[in-house]
Amino acid sequence: MTELLQELKDLDVAGKDIKTLYTEISALCMKYIAPKKREGRRAYYLSIEYLMGRMFHNNLLELGVLEEAEKILSAKGVNVAGFEEIEDAALGNGGLGRLAACFLDSAAGCAYPLDGYGIRYKYGLFKQKFVNGEQVESADDWLTWGDPWSVKREKEKRVVHFADMDVTAVPYDMPIVGKSVNTLRLFDAEGSEQAKKICDYLYPADDTEEGKLLRIRQEYFLSAAAIGELVEKYAQKHGRNFNKFSEYHSIQLNDTHAVMSVAEFIRLLTKEYGITFSRALEFAKHTFNYTNHTILPEALECWNYALMEKILPDIAAVFKTIQVYATREWKAKGCTQEEIAAMSVLHGNCLSMANAAVYVGEKVNGVAAIHSELVKRNLFPVAYKYYPDKFQNVTNGITQRRWLMLCNRELSALLDKKLTPAWREDMARLETLDTGDTAEFIAVKEIKKKQLADYVLRHDGVKLLDGAIVYAQVKRLHEYKRQLMTAFAILRIYYDLKEGKLPDFRPSVFLFGAKAASGYFRAKGIIKYLNEIARLVNNDEQTNKLLQVVFVQNYNVSYAEKIVAGTDVSLQVSTAGFEASGTGNMKFMLNGAVTCGTMDGANIEIVEHAGKENNYIFGASVEEIERLKDTYDPNAILDSTPELKRVADTLVDGTFSDGGKGYFKELYDSLTVGAHWHKPDHYFIFRDLPEYVDALIKVNRDYGDTAFAKKQMENTAHAAFFSSDRAIADYARKIWHIEKA
Ligand code: 26W
């Protein structure tokens, strides 16, 4: 990369603002990033979300020039901190989209042939700010900074047909830089005003028919553009002989959002290439694989047949014919009517995208050991009974490039010193870290906490308590993630402090970051409640030197990079059985935080690797929650435990006001009365809350001595398993059957 560095040295920076410099430097780098297309078998990742974050520093790091480039630019008088203001490419909502980004990074990083297909939304995940403690969304116009990391491929555009409109899919290629240079191809929609709307917004609230139609259009747009291109390129080389298609392609469906690609594949082969339906179906069965990312029933997409038929009659018909072939197959296996109904692609007028993915998918995987068990046991028990070999687990991972080498250069430098830089290519070497000597590790953590405090002050105008323990709960706002339980735990501690029950309580900061889906009323209520608690707690002179609550605004990938490095305690407190995996938990672990959490998702494997004694585990297990479902009575707990009732009652006793929005009463009722779609306290907050408070107090007591520092360091030392390098190697070996270049 000496030529690149030389060009940077020669770059004239005089009078150029940071945006201009960003554009020019990115364009410079792009000259040195040439995707090397290789023949042979490749895997393709179809995801409707990619939460890439800021690409600038990541690409310079992957090019091996980051530190040198910063030195050169600083020497020329450029304030490189200015590049921290570059907009994230936030084309995703949260876990599933960020995982896709980590997977692409690791595949390139490890030289696996994996390309991504997605949608190039004009507006990514909304920007969030708080007005009177309530979330206010605004459009994320990420392209104001330009998009120097993508190349428009005008010549490769293709038309996607709906019954009522044609849309032109125009590819933009973003290079994914690592040992290999792979490609993320994002399609933009061109054509009529209505056609262009397909790519305007990420995942619109689909609670209206209009929203549902737009969602179906987005999913088909992605599917048809990607499959159309793969089939066409294959046919140019191999003609109509599709026997070999599955030798060259393994297509991973990231959740059910691109399952229409299966139907599109069959439609194309039968309509354009004269292949029989049964053979096309057979080819599909050896090409597509499906990853399930959630057991939440509302997330398992079922499309109304008539709705799909309205705009995609051929696709609807293909699913209906798949149902005919599948039923024949199931009858031949002796399945009962109930079993057939449970596995059906088309049941009544509902098209189950998940059942289609399970039936056609060669492999179906969950994203953490416990989740994959629940997928087999609770989600697809009949399919598991008849096709057990389909079902796999691949526990999620995160890229240590962005989530350690980039966001925590100080810890990375310490690891270089203790382990030689070899750990960067071989994460297993972390296991040899000598956790007896914690001094330098703690010094680094203090530096990162100071940097985090500076960032929070700059971005949110709040000064974090000095020398405090930093607890963080940062993730999408959802009832099952139980930010509300943390709110109650904080109030429990607050009242205990005021009543002098917590002598020598160490100063603690509870830091929250979360966006609520724009239509999710309860989630918005929880944000408001936490902000009201922050106002009460932070202004109480009696306690505000010991307890602080901070809810940062517009939590995104770039904010997460600061928080994961500057946190002591990672709060991962979902109801056991509901968080498929979690990936924030892994980022905190890698950066030397202990986990205070429940035995859910990947927390279970984190504890297995880092040791239960180095973490703070509490709460009901998956088995206990399943047993509790019928007999659980939250009101009995509240009536018999006044100190819990006291914190819960703050929702309705006038302690806090929600400005007449009705948020807090509705939350209180969800816990004590329930709703037509669920029982009271359906995420078992009051079952786990006492143990949660105990765990937080135990952390507070343990904090500050070398024993606690050692726990934190042990988490870093045992984090290798959670690198997405390992996850990608698992997919490559168990599912995609691809080799490193
Ligand atoms: C916030 C609620 C929610 C739950 C599921 C929003 C969106 C979904 C999607 C349908 C699926 C999803 O994003 N699941 C998440 O996928 C991550 C990557 O595998 C997992 O780490 C998370 O546990 C899972 O919720």
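Me: Which residue is the bridge partner of Cys 302 in S15?

Reply: The partner of Cys 302 is Ser 352. Before we go on, a word on the model: it is predicted, so local features need pLDDT of at least 70 and side-chain atom pairs count only at pLDDT 80 or more, while totals for chains, interfaces and linings use all residues. Residues are numbered from 1 along each chain as its sequence is written, and side-chain values use heavy atoms, with hydrogens and water left out.

Me: What do labels such as S13 and S15 stand for, and how do the strands pair?

Reply: Helices (H or I, at least four residues) and strands (E, at least two) are DSSP runs, numbered from the N terminus. Strands of a sheet pair through backbone hydrogen bonds, either parallel or antiparallel. Two strands count as paired if DSSP finds at least two bridges between them. Here S13 and strand S15 (residues 350-352) are joined in the antiparallel sense by three bridges.

Me: What is the strand order of that open sheet, and which strands stand at its edges?

Reply: The order is S13-S15-S14, three strands with antiparallel pairing. At the edges stand strand S13 (302-304) and strand S14 (346-347); each has a single partner strand, so one side of each is left without a neighbour in the sheet. Helix H14 (residues 353-360) packs on this sheet and touches S13 and S15 (contact means heavy atoms within 4.5 Å). The direction of H14 makes about 45 degrees with that of S15; such axes are lines fitted to C-alpha atoms, for helices over the stretch in contact, and angles run from 0 to 180 degrees between N-to-C directions.

Me: Where do the side chains of a strand go, say in S1?

Reply: In a regular strand the side chains alternate between the two faces of the sheet. In strand S1 (residues 42-46), Arg 42, Tyr 44 and Leu 46 lie on one side, Ala 43 and Tyr 45 on the other, and all are buried. Buried means under 20% relative accessible area, exposed over 50%, and partly exposed in between (1.4 Å probe, protein chains only).

Me: Which strands pair with S1?

Reply: Strand S11 (residues 249-254) runs parallel to S1 and is joined to it by five bridges. Strand S4 (residues 114-119) also pairs with S1 in the parallel sense, over four bridges. Tyr 44 is a handy landmark: its bridge partner in S11 is Ile 251, and it stands opposite Asp 115 in S4.

Me: What does Ser 250 touch, and is it buried or exposed?

Reply: Ser 250 lies in strand S11 and is buried, at 2% relative accessibility. Leaving out residues up to four places away in sequence, its contacts include Arg 42, Ala 43 and Tyr 44, as well as Ile 735 and Trp 736.

Me: How many aromatic pairs does the structure hold?

Reply: Rings of Phe, Tyr and Trp (its six-membered ring) pair if their centres lie within 6.5 Å; planes under 30 degrees apart count as stacked, over 60 as edge-to-face and the rest as tilted. The structure holds 36 such pairs. One of them is Tyr 234 with Phe 245, edge-to-face at 5.3 Å centre to centre and 70 degrees between the planes. Tyr 234 is buried at 4% relative accessibility, and Phe 245 is buried at 1%.

Me: Which ring does the charged end of Lys 587 sit over?

Reply: A charge sits over a ring if NZ of Lys or CZ of Arg is within 6 Å of the ring centre and within 35 degrees of the ring normal. For Lys 587 the ring is that of Trp 403, with the charged end 4.4 Å from its centre. Arg 217 lies over the face of Phe 162, at 5.2 Å from the ring centre.

Me: Where is Ala 368, and is it buried or exposed?

Reply: Ala 368 is in the loop between strand S16 (364-366) and helix H15 (369-379). Ala 368 is buried, with a relative accessible area of 0%. Beyond residues up to four places away in sequence, it touches several residues, among them Asn 393, Ala 580 and Glu 605.
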